[in-house]
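Me: Could you take a close look at the aromatic side chains in this one, and then tell me how they sit in the rest of the model?

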Amino acid sequence: IMIGLVERCFPTQVKSAGWQAKLKQMIPGYGASLVEDQALCDRMRQWTSEVLGLVNETEGQHQA
């Protein structure tokens, strides 16, 4: 929702190379389909889990 707001408020800037690079730096999956790219989806889930400090239940069980 927030990305949509940024795209609506700054349509010209969002199309620029500088903004695209920054958006992809902040949101690694920006502009890509997580439905069509399973590897990217897996990387985004891993990254999100690390950033939020979440532990996968399966991984947590193996560590015990």
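Reply: Trp-19 has a relative accessibility of 33%, so it counts as partly exposed (that class lies between buried, under 20% relative accessible area, and exposed, over 50%, with a 1.4 Å probe and protein chains only). Phe-10 falls into the partly exposed class too, with 36%. This is a predicted model, where local features need pLDDT of at least 70, side-chain atom pairs count only at pLDDT 80 or more, and totals for chains, interfaces and linings use all residues. Residues are numbered from 1 along each chain as its sequence is written, and side-chain values use heavy atoms, with hydrogens and water left out.

Now for the rings themselves. A pair of aromatic rings is described by the distance of the centres and the angle of the planes. The structure holds one such pair: the ring centres of Phe-10 and Trp-19 are 5.4 Å apart and the planes meet at 45 degrees, so it is tilted. The rule takes rings of Phe, Tyr and Trp (its six-membered ring) with centres within 6.5 Å, calling planes under 30 degrees apart stacked, over 60 edge-to-face and the rest tilted.

Another tryptophan, Trp-47, belongs to helix α4 (residues 38–52) and is partly exposed at 36% relative accessible area. Together with Val-51, Leu-52 and Leu-54, Trp-47 makes a nonpolar surface patch of about 420 Å². Patch members have over 30% relative accessible area and no salt bridge, with nonpolar side chains (Val, Leu, Ile, Met, Phe, Trp, Tyr) joined within 5 Å and like charges within 9 Å; a salt bridge is a side-chain nitrogen of Lys or Arg within 4 Å of a carboxyl oxygen of Asp or Glu. Areas here are Shrake-Rupley values with a 1.4 Å probe, and for residues only the protein chains shown count as cover.

Zooming out, the protein has five helices and zero strands (DSSP runs numbered from the N terminus: H or I of at least four residues for helices, E of at least two for strands). Of its 64 residues, 11% count as buried.

As for confidence, pLDDT (the predictor's confidence in each residue, from 0 to 100) averages 86 over the protein. Where pLDDT is low, the predicted coordinates should not be read in detail.
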